[in-house]
Amino acid sequence: MPEHEQDDQEREFDLRWADGAEYKEPSARARMLAARWKHDPPGPVPFRADPEHVGSRRRSSWISTVVVLGSVAAVIVLLGYLDFRAPY
């Protein structure tokens, strides 16, 4: 039996053995958060919290549309100009 097939079989056995374990150790992050929350539990968090930066201005959708369409038109004009100037 070639060596790489034996390694694959051993790896498959290890994975099945690990997946069948009754107890799985929590990750380092889970352990860290559990330790932190034991002394300082987190407060309730709403499902969808309001954004923190409510005061920041957002562009309206029509301004974004104009910017995108203007950029596309500029690229089309530029490509047409370069094609017109290209020597044949």
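Predicted model: local features only at pLDDT ≥ 70, side-chain atom pairs only at ≥ 80, totals over all residues.
Helix α1 (residues 3-19) has the lowest mean pLDDT among the elements of the protein chain, at 68, while helix α2 (residues 28-39) has the highest, at 93. Across the whole protein chain, the mean pLDDT comes out at 79, with 74% of residues at 70 or more.

What about burial? The accessible surface of the chain is about 9100 Å², and carbon and sulfur atoms account for 60% of that.

Part of that surface is a nonpolar patch of about 500 Å², built from V75, L78, L79, Y81 and L82. One of these residues, L78, sits in helix α3 (residues 61-85). L78 is partly exposed because its relative accessible area is 48%, between the 20% and 50% cut-offs.

Now for the charges. Side chains of opposite charge can pair when their charged atoms come close. The model has one salt bridge, and it joins the side chains of E25 and R31, with 3.0 Å from N to O.

| Residue | Relative accessible area | Class |
|---|---|---|
| E25 | 59% | exposed |
| R31 | 40% | partly exposed |
| L78 | 48% | partly exposed |

E25 counts as exposed because its 59% is over the 50% cut-off.

Conventions
Residues numbered from 1 in each chain as written. Heavy atoms only, no water. pLDDT = per-residue confidence, 0-100. Helix = DSSP H or I, 4+ residues; strand = E, 2+ residues; numbered from the N terminus. Areas by Shrake-Rupley, 256 points an atom, 1.4 Å probe, with all protein chains shown as cover. Patch = residues over 30% accessible without salt bridge, like charges linked within 9 Å, V, L, I, M, F, W, Y side chains within 5 Å. Salt bridge = Lys/Arg side-chain N within 4 Å of Asp/Glu carboxyl O. Buried < 20%, exposed > 50% of the residue type's maximum accessible area, 1.4 Å probe, protein only.
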